[in-house]
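Here are a few notes for a first look at this model. Please keep the structure open while reading.

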Amino acid sequence: MADSFLLFESSASEQVSQKILPLFDTVILPKSWDSAEPPEFEAGSLVYCYLSDKDLADAIDLATGQQWLIAVLPHPKGSHARRAFGLTANLEKAIQHFQTTEAVQIDLLRCNQQVVLNHLVVGHSFNLRPGGHNASWRQRMAQTWLNIKKIGQIKPQKLAITTASETCLETSVVGLVVVEHAHGSMLSKQILPDSHCNDGMLESMLIAPRSIMEMFRFLVLAMFGRVVRKPRFLSLIKTKSITINAEREIVYWHDGIEKNGNELNVECQHRALSMLPAVGMVCQDNVVAVKESRKITNLPEGEAINAMAARPLPWIAHAATDEFKELYQLLRDNATTSPAFLTLMVLSTLLATIGLYASSAPVIIGAMILAPLMAPIISLSMALTRQDPSLMTASIRTLTTGLCVALGFAATASFIIPMELVTPEIAARLSPNLLDLGVAIISGIAGAYAHARIDAAKSLAGVAIAVALVPPLAVAGIGLGWLDISVASGALLLFLTNLAGIVFSAALTFLALGYAPFTRAKKGLAIALVAVALVSVPLVFSFNRLSEEARIVQRLQGKTFNDVLVRTVRARSAKPLTLHLQLVSKQAMSDQQLDLLKQQITQELGQSFALEASIIIRR
């Protein structure tokens, strides 16, 4: 039977003899580690290693050649070994566990033939590495602050990566982290849940944020939680080996030690090391090598690679043309005056007109969903953002056609329907104010985002309901059919409010999402902002009037004058101010009592008004 040894650094001789060797129940032969003259033990020897990370890596390299069985003891300078092998900090507990456990075969990670205990980092890892989130809350805050301060100076690196299956990809990343497994770290919970120490595969995490804001958001969220969720900018490659090439010399960290090189050959040697597993080490005998997997859909490609590698991260991500060509083609199709657009425009207008006459909210909502006007408006926003004359012309032409169709068919319907009655649904669209502009702006942001992000496209129906483009056009058409300028102009102002608000906010959203640089988008944004300012002028007066009416209602409703309760108040701040009051009294009110009540309310408000009263007698 082979002997058992304890490898230790010469500086720890006294500690080994007095504190460590007495913890063993069997005979252990101490041996001082000397990298210049490494020891030679028989194959199958059990070697306990009480070594720092640097010396332990050399000892493991020697163990694989001489076929030792090793057991790693916790060392004050062995933080990477502690995370890699799941070591406990208690020496006595570790030794007791080793004396009762059975040997296992685990994988060994190497970079350029040198043993990697914990991880390999190229560029910046931003805590996305084993042990990156094991610190205390205060330490994580301090590290997050340091990361945030250096984001603006970080330049993505252009790398060529080749996997074991000969898959080659060229991309640009801020950082790349390679680990053999993620057990014992927070990465294993959300990002690398299927990594194992004996499956013959290594894990590569490619960090490629498109903007400072994207990275900033991740850092802030990660600071408050130990469980790290996979960010959108993180790509994953699981393979047996990976080769990393760079045009210029790159800086990388091998278990925390800074090194330089142009090419890194990283491989996972399947079950190359025999060892006694520590308390926190998870080994499964039934794990087998799996097929190579790549989750790299969010990696920069095409012209975006050179664009990112040429300068520090921008504050807002700028998408390359080939990355949104599908969206751009969709917006071009939406800007076309197609038969489908005309058909839906006619049907939604007629449906909205009937709903307005019937004062039926469900019917009007159906018309909102059916209406196709949102599509060319979003196309116009993109045209303004990217200053595309052809897309702008097509969008304006389609919008104008839709406007004429809606007004024409609504006016025709008003001739056919023998009613000239301002229903509540019609009245609700005659006095737009700043609140309607706010709805339009928010809807424009939502519409642009839903077009730009496939996973948000299902919300487009909700956006259409929120902004309600066709109903005000239908009311304007009804006003034209009645030859009532006040109805037509009020509803048309609401439509223009929606149009200006959506175009401006959607253009701003496309700019924020990186579909054009600010230098290109500023002219279109200025035009849209002027349109918003112009429609805001009458909206301000309308909003002030609405605020005044609300103030009057708040001051009078529920108040009592001479035992007469003012239950309901409706104010209409036309000239003169008109108040409709629902009064509750114990007896019928005479003209003198009504005049006295009006006089008291006038003193309360400090202004004259016309009174419309309905009296309820309670006995």
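1. Start with strand 3, residues 46–50, in this predicted model. Of its 5 residues, 5 are buried. The strand is therefore largely enclosed by the rest of the structure.

2. Which residues of strand 3 point which way? Leu46, Tyr48 and Tyr50 point to one side. Val47 and Cys49 point the other way. All of them are buried, whichever way they point. In a regular strand, side chains alternate between the two faces of the sheet.

3. Now the neighbours. Strand 1, residues 4–9, pairs with strand 3 in the parallel sense, over 5 bridges. In this pairing, phenylalanine 8 stands opposite tyrosine 50 of strand 3. Strand 4, residues 69–72, also pairs with strand 3 in the parallel sense, over 4 bridges. Here cysteine 49 is set opposite valine 72 of strand 4.

4. How does the chain get from strand 3 to strand 4? The path runs through helix 2, residues 53–66. This β-α-β crossover is right-handed.

5. Next, the surface. Leu344, Leu347, Leu351 and Leu370 form a nonpolar patch there. Together they have about 270 Å² of accessible area. Helix 10, residues 339–358, gives the largest share of the patch, 3 residues.

6. Is leucine 370 buried, partly exposed or exposed? Its relative accessible area is 31%. Buried means under 20% and exposed means over 50%, so leucine 370 counts as partly exposed.

Methods
Residues are numbered from 1 along each chain as its sequence is written. This is a predicted model: local features need pLDDT of at least 70, side-chain atom pairs count only at pLDDT 80 or more; totals for chains, interfaces and linings use all residues. Side-chain values use heavy atoms; hydrogens and water are left out. Buried means under 20% relative accessible area, exposed over 50%, partly exposed in between (1.4 Å probe, protein chains only). Helices (H or I, at least four residues) and strands (E, at least two) are DSSP runs, numbered from the N terminus. Two strands pair if DSSP finds at least two bridges between them. A crossover is right-handed if, with the strands pointing away from the viewer, the path from the first strand over the helix to the second runs clockwise. Patches are made of residues with over 30% relative accessible area and no salt bridge: like charges are joined within 9 Å, nonpolar side chains (Val, Leu, Ile, Met, Phe, Trp, Tyr) within 5 Å. Accessible areas come from the Shrake-Rupley method with a 1.4 Å probe; for residues, only the protein chains shown count as cover. A salt bridge is a side-chain nitrogen of Lys or Arg within 4 Å of a carboxyl oxygen of Asp or Glu.
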